[in-house]
Amino acid sequence: MVIEKLAKLVRQNLLPQNRAVTFLEITAVFIWMSSTAVFYLILNDVYEGVEIFAVRNVLLYVASYFVVDGLMFGLLFRNLSELAIKIEGRGIDGAILLPGNTINFLSFRSFQLSSLVQIPIALLIVFLFVKMPVVSFILWVVTLVLGFVLAYLLWIDAIFVSFWVKNENKLTMVVEELAQIGVFPMQVYLNSFVIFFFGPFLLISSASAYSVLMGNQGVIWVVQVCAIVVLFLLRQLLFNLGIKRYRR
Amino acid sequence: MRSSFLLQFRENFTDPAYYFKQLLKLSLPAFVLFFWIYLSGQGIVSVGAETLVGYFFGIAAFNYLFTYVVAAKILEETFTEKSSVMLLKSGRFIINLVKKTLIPEVVNGLLLIVLYFVFINVAGIVDLIGTSEIIILLGVANLGYFLFCFNMAIFCKLIKLDTYADFSMRYIGFTFNGSYIPYVLTGTFWLGVITATPFFMSGAPFQIVFGNDFWSLLVPLLVHVIVQAVISVTVLKAYKLIVRL
């Protein structure tokens, strides 16, 4: 079903009336990816010999970030933005009355091709330039999937705050922007008090790259799963309390 | 109009959500700041933590205001149906754009702006002359950045690319305006490359004052502002011609 949906998405985006916009959107995505790569190119050039800016390490951080970013924006962005607007505008009656887990359905209802394009590009970067053993690659992918689930839960928890506080979708924007910490090496924040604030955001993608470089995927998985459990419980709590308030 | 800005100013200070929003604004560049403080602590960069805090506090107070909010509002205002008509009376449109996008956001950002100037003076990072330089440079640089945002908005409107316009401006803007790379730390030809991009404008005041390259950065800044002004006039004329065709 997912493959069918993706195929339909590609066909729709390549229709003559949509081709120009699709091309421009994909170009914008290339420019974003390049600007991040150039950021590190500059640091690698200016601070030669510094291990934290070694090309292999940097490409792994950038590729990890863009895989999860591609999933976030390709699968979630439009849907969650619409959900946030509906919650603030008190327009989710239709969603609540439907059977089953409609919030999950609404979160993944439609995809965005241009953001999904980041994923194969990021994977190609890893194949060509990072060259890790197959087992490491599979373990890396698992940490990225867990990171994506974390990102979804962080995002949706921020949206459910809208049941109480109207924020014109600004909280979700904050989550998006803080997720950009994934571009930076995790070891920078590990021994500092800020890990308590940025921790969940580091687990989205930076931790995946870190786990490959340190060879400690098992530890990262455990931390990610614990964070997912906490955020999931928070999601359930916020949703149930939020719906009660909405119905009042 | 003046009284509504004063009202907005007074309301901000009695609204707890306003203080929370300012805290959020500070948190966004915090992870970049800690990245550079880490490098400073490792001896990789030679600039002290105090200067870095002063630099990034300025980024939080101003760059986020312009790169985030004002750019997004300009794009939003330019993409409305009403703007298509208003753009044909260009002078009025720009005046309305300043009133609707720039001034309210500057009023909202006043708390961080004032705190920033108090901090850099009390911490001894800049003196009164340095403070005056920053204020003048901020006026010049952000005028240029405002015109750049407007030009991008018109360009995106002409090519019908509204979906990613504000995100692109934000993402690329952050990478190259000093929000990610404090120019004070670069001493290579990359500084010239970054200086050549229009995104340089919003970070220029801090680089010029915190760094030691006053004239070699001031001149490119002024060139950028003039170029954006010329582009604004040209783009508006082009828009009117295209719309009338």
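In what order do the elements of chain B run from the N terminus on?

Modeller: This is a predicted model, in which local features need pLDDT of at least 70 and side-chain atom pairs count only at pLDDT 80 or more, while totals for chains, interfaces and linings use all residues. Residues are numbered from 1 along each chain as its sequence is written, chains are lettered from A and ligands numbered from 1 in the order in which they are written, and side-chain values use heavy atoms, leaving out hydrogens and water.

From the N terminus on, chain B reads α-α-α-α-α-α-α-α-α-α-α, and its secondary structure comes to 11 helices and 0 strands (DSSP runs numbered from the N terminus, with H or I over at least four residues for helices and E over at least two for strands). Of the 245 residues in chain B, 53% are buried (under 20% relative accessible area, with exposed over 50% and partly exposed in between, using a 1.4 Å probe and protein chains only). Among the contacts in chain B with a separation of 6 or more, 75% join residues 24 or more positions apart, where contact means heavy atoms within 4.5 Å.

As for cysteine pairing, a search of the whole structure finds 0 disulfides over all chains, a disulfide being a pair of cysteine sulfur atoms within 2.5 Å.
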